[in-house]
Amino acid sequence: MKILVTGGLGFIGSHTVVELQNKGFEVIIIDDLSNSSIEVLDGIAAITGINTAFENIDLRDKQKVQDFFKKHQNISGVIHFAASKAVGESVENPLLYYENNIHTLVYLLQELQEQPKANFIFSSSCTVYGQAEEMPINEGASIQIAMSPYGNTKQIGEEIIIDTAKVTNINAILLRYFNPIGAHSSIEIGELPLGVPQNLVPFITQTGFGLRKELSVFGDDYPTLDGTAVRDYIHVVDLAKAHVIALQRLLNKENLDKVETFNLGTGTGSSVLEVIQAFEKVSGQKLPYKIVGRREGDITSAYANTDKANNVLGWKAESTLDEAMESAWKWEQKIRS
Ligand code: UD1
């Protein structure tokens with residue numbers, strides 16, 4: 001079965017391509033290389049032995065999206081990762097985010113609704129919950145007003161899919177990721193942030209490697225156990241596997257609703273200081289850091305209630321924070337060597 005993976009050269013996308021190929025799916029990747037590298041194809045091939053079909057298409061080009069689906073008429077499912085994801089950039093350039101994340105989604109759905117097998121997996125985010133009132137967060141928690149245009153594109157994206165599925169043959173699963181980290185155990189693929197990383201783990205590994213002087217810990221006055229903010233860090237390979245299971249659910253017509261939503265996290269919250277400790281443990285070195293003020297827009301705590309994913313999808317995150325951190329550290333060392 002042929003599966004289209006948009007953004008398949010990105011961090012989560014590339015790991016998902018590998019897991020799809022491990023399960024015998026034929027994959028075709030669309031990526032515009034705006035935040036990824038063509039060499040990721042070699043990394044995927046080194047793991048699975050497959051030279052994945054790839055088309056360099058900017059999904060904002062509606063004509064090209066139409067042409068793609070005319071050329072490939074036997075696609076059984078689409079996993080849609082292609083999107084911009086930098087929160088700060090989205091605040092500075094909201095229209096870029098609405099164009100990149102919303103126009104592209106609309107064009108894809110317009111083509112997908114014409115397909116006999118209209119199965120769609122969407123990359124959503126726990127950012128839709130904002131600061132939830134109760135921890136852990138379950139899928140029924142209310143959606144909060146988005147704190148950034150990026151976050152808003154995830155909320156609007158979910159709504160577009162729900163509205164469209166009601167009146168078309170499209171079936172969809174919305175996957176709300178918590179904080180993906182780590183790299184494939186082969187160390188052939190991993191995260192490749194452009195410029196100064198905004199996310200915690202790549203900033204830590206770059207600091208550990210000596211590329212950055214020290215980590216700034218954003219706030220130690222949160223109402224948490226050690227005062228630093230708490231997140232649910234999930235190994236990217238666990239996350240990738242969940243996509244394959246969700247896709248199989250749609251292909252086997254096991255979904256109970258036209259659109260289903262699942263949290264993808266470990267269910268365990270870790271503070272920034274705990275993440276630093278995990279890094280120090282697996283790397284055997286001290287991490288230079290200083291405490292600074294809170295980062296604007298950050299919430300205190302977010303970790304997943306994973307009951308629905310566990311019981312309905314039959315999926316559970318397996319890797320520990322230490323294992324994920326160890327893979328992230330090995331990856332950092334590899335790409336700098
Ligand atoms: C961030 C985005 C979120 C997005 C997610 C995607 C913000 C405010 N939120 O989530 O919308 O879905 O990335 O990956 O950007 N930290 C430090 N020092 C650093 C970097 C981070 O202390 O240099 C802390 C943060 O304050 C936070 C934690 O580490 O408490 C995790 O930060 P990060 O990796 O950026 O993820 P989120 O903020 O959870």
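Biologist: How does the lining of the second largest cavity divide by class?
Modeller: This is a predicted model. In it, that lining has four nonpolar, four polar and one charged residues.

Biologist: Which residues line the second largest cavity?
Modeller: Among them are His80, Phe81, Asn101, Phe122 and Lys154. Helices α5 (94-112) and α6 (149-167) each supply at least two residues of the lining. The volume is about 50 Å³.

Biologist: And how much space lies in the largest cavity?
Modeller: About 90 Å³.

Biologist: Which element gives the most to the lining there?
Modeller: α11, with five residues. The lining includes Trp331, Glu332 and Arg336. By class it divides into six nonpolar, three polar and three charged.

Biologist: Switching to the ligand. Which residues come nearest?
Modeller: Leu200, Ser216, Arg231, Arg295 and Asp298, out of 18 around it.

Biologist: What does aspartate 298 do there?
Modeller: One of its polar side-chain atoms lies 2.5 Å from an oxygen atom of the ligand. For tyrosine 150, an N or O atom in the side chain is 3.4 Å from a ligand oxygen. With glutamine 198, a polar backbone atom is 3.4 Å from a ligand oxygen.

Biologist: How much of the ligand does the protein bury?
Modeller: 86% of the 730 Å² that the ligand exposes when taken alone.

Biologist: Why does the ligand lie between the two domains?
Modeller: Because domain 1 (2-180 + 235-264) and domain 2 (200-230 + 267-332) both give residues to its shell. Strand β8 (residues 215-218) gives the most, with four residues.

Terms used. Residues numbered from 1 in each chain as written. Predicted model: local features only at pLDDT ≥ 70, side-chain atom pairs only at ≥ 80, totals over all residues. Heavy atoms only, no water. Near = heavy atom within 4 Å. Polar contact = N/O pair within 3.5 Å; in protein donor to acceptor, adjacent residues only side chain to side chain. Areas by Shrake-Rupley, 256 points an atom, 1.4 Å probe, with all protein chains shown as cover. Domains from an automatic or database assignment. 1 Å grid on protein atoms, 1.4 Å probe; cavity = no way out; pocket = protein on both sides within 12 Å on 5 of 7 lines; lining within 4 Å. Points joined across faces, edges and corners; volume = space filled by probe spheres on them. Nonpolar A, V, L, I, M, F, W, Y, C, P; charged D, E, K, R; others polar.
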